[in-house]
Amino acid sequence: MGDNAIMKNVLVYLYYPFVSQHLSGGVQVIMRKVLEELSGHGFKFRVLCPKIKVPSDILSVPGVEVLPVLNDFQNNRNYTELSENFSILNKHVSWADVIWTIDRNVPIRTNKPIVLSLNAHWYATNQNALFSMNWDRIVVLSEYSKSILEKTIKPNFWHGNNTPKIETISPVLSEILYKREDCSCLKKYFDFDSNKKYILFPHRPDKGKGHRKAIDVLKALCVREKDYILLIPGVATLSDSLKNTEKSIINDALNYAEEIGVRDNVILHDWVKYNDLPYFYSAGTATLIASDLEETFGMTLTDSILCGCPVVSTGSGALKFTVPDGLGHKILDYSKPEEVARVILSGITGVEEGIKYIKSKYDTNEIIQKYEHLFDTVQKTDGVYYE
């Protein structure tokens, strides 16, 4: 912020509990790092999030007030609870200079500017947030995402003197991500053996993430060598309404592994705590991104390479742009698991070049400056969208 700028209060509207260790997706890590970096830069943050069963689990960040007061609104159809959420949100709006909502529509009318961070394109909740048009600035993670939104929300159909804008700001990458030699701390999650060859699949249980494809690759690897182990995390959500869906996806994956004879080479483990992520990635022979989803950035890709573990991805969405093919990143067709296995067995090169590329392209100071400018300049718009 400039020398004459005043303190700004930013009200953050989160759909997930803001806890310290259960980081089960890219958006959770992104918000953690952005708030850590921005606190102390002339902003105060007040986070409204769903209730947390264990208060001591709340993530503590200086300059960030976390209020776990909302009812769970993941697939919630309880109108009384949703109405309570709206009332709570309304009570805090007067405190705020800016409202910052993450992947969700802000269901109120306000004269305060609304910033929408849209981290995914494919979920109905994200699309509802976008097409609600109840926002004054959108933040996306990549130029790939921006190009899609610019084609969808056509600029020439905005009418007004001050119309909303779409802005690209990359995720803040963690400074703790670098190669670790001693990964024995992973024994708290599974029976870690440094002699095993671990294939990492650090993704939420989601139908589009490609659990079966990863297991097919494991099968192709085990035909050649028996020491390969596929690591799959368990239930990710803290939302009771989504747990059964995730359990079903995991059970389907494990049953499939049993059917094709590699169940003994699959380990289902708890989600790795934030501070242990570098050891997890450092222990990998390769990380699989088998997603068919239109990925908007791919922090798994950057995090893995930064810790020295190469990645094989589908190249879906922004993945091919986040880290180009050849820089510790191979883009392959997962419908050919034998080819994916062959590349892993041959060794994936370019990791050191990939690390240099990532550190250069995703500079933390530049990213934080963009956020500072965003909150300094965002204003309520008079834009109206229609066709």
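Mentor: Let us begin with a definition: a residue counts as buried when its relative accessible area is under 20%. Please also keep in mind that this is a predicted model.

Trainee: What is the relative accessible area of Tyr-198, and is Tyr-198 buried or exposed?

Mentor: The cut-off for a buried residue is under 20%. Tyr-198 has a relative accessible area of 2%, so the residue is buried.

Trainee: Is the pair of Phe-192 and Tyr-198 stacked or tilted?

Mentor: A pair of aromatic rings is described by the distance of the centres and the angle of the planes. Planes under 30 degrees apart count as stacked. For Phe-192 and Tyr-198 the centres are 5.7 Å apart and the planes are at 20 degrees, so this pair is stacked.

Trainee: How many aromatic pairs does the structure hold, and why is the pair of Phe-45 and Trp-100 described as it is?

Mentor: The structure holds 16 aromatic pairs. In the pair of Phe-45 and Trp-100, the ring centres lie 6.4 Å apart. Their planes are at 50 degrees, so the pair is tilted.

Trainee: How many residues apart in sequence are the parts that Phe-45 and Trp-100 tie together?

Mentor: Both residues are buried. Phe-45 belongs to strand E2 (residues 43-50) and Trp-100 to strand E4 (residues 98-102), so the pair ties together parts whose separation in sequence is 55 residues.

Trainee: Over the ring of which residue does the charged end of Arg-104 sit?

Mentor: The distance from the charged end of Arg-104 to the ring centre is 3.8 Å.

Terms used: Residues are numbered from 1 along each chain as its sequence is written. This is a predicted model: local features need pLDDT of at least 70, side-chain atom pairs count only at pLDDT 80 or more; totals for chains, interfaces and linings use all residues. Side-chain values use heavy atoms; hydrogens and water are left out. Rings of Phe, Tyr and Trp (its six-membered ring) pair if their centres lie within 6.5 Å; planes under 30 degrees apart count as stacked, over 60 as edge-to-face and the rest as tilted. Helices (H or I, at least four residues) and strands (E, at least two) are DSSP runs, numbered from the N terminus. Buried means under 20% relative accessible area, exposed over 50%, partly exposed in between (1.4 Å probe, protein chains only). A charge sits over a ring if NZ of Lys or CZ of Arg is within 6 Å of the ring centre and within 35 degrees of the ring normal.
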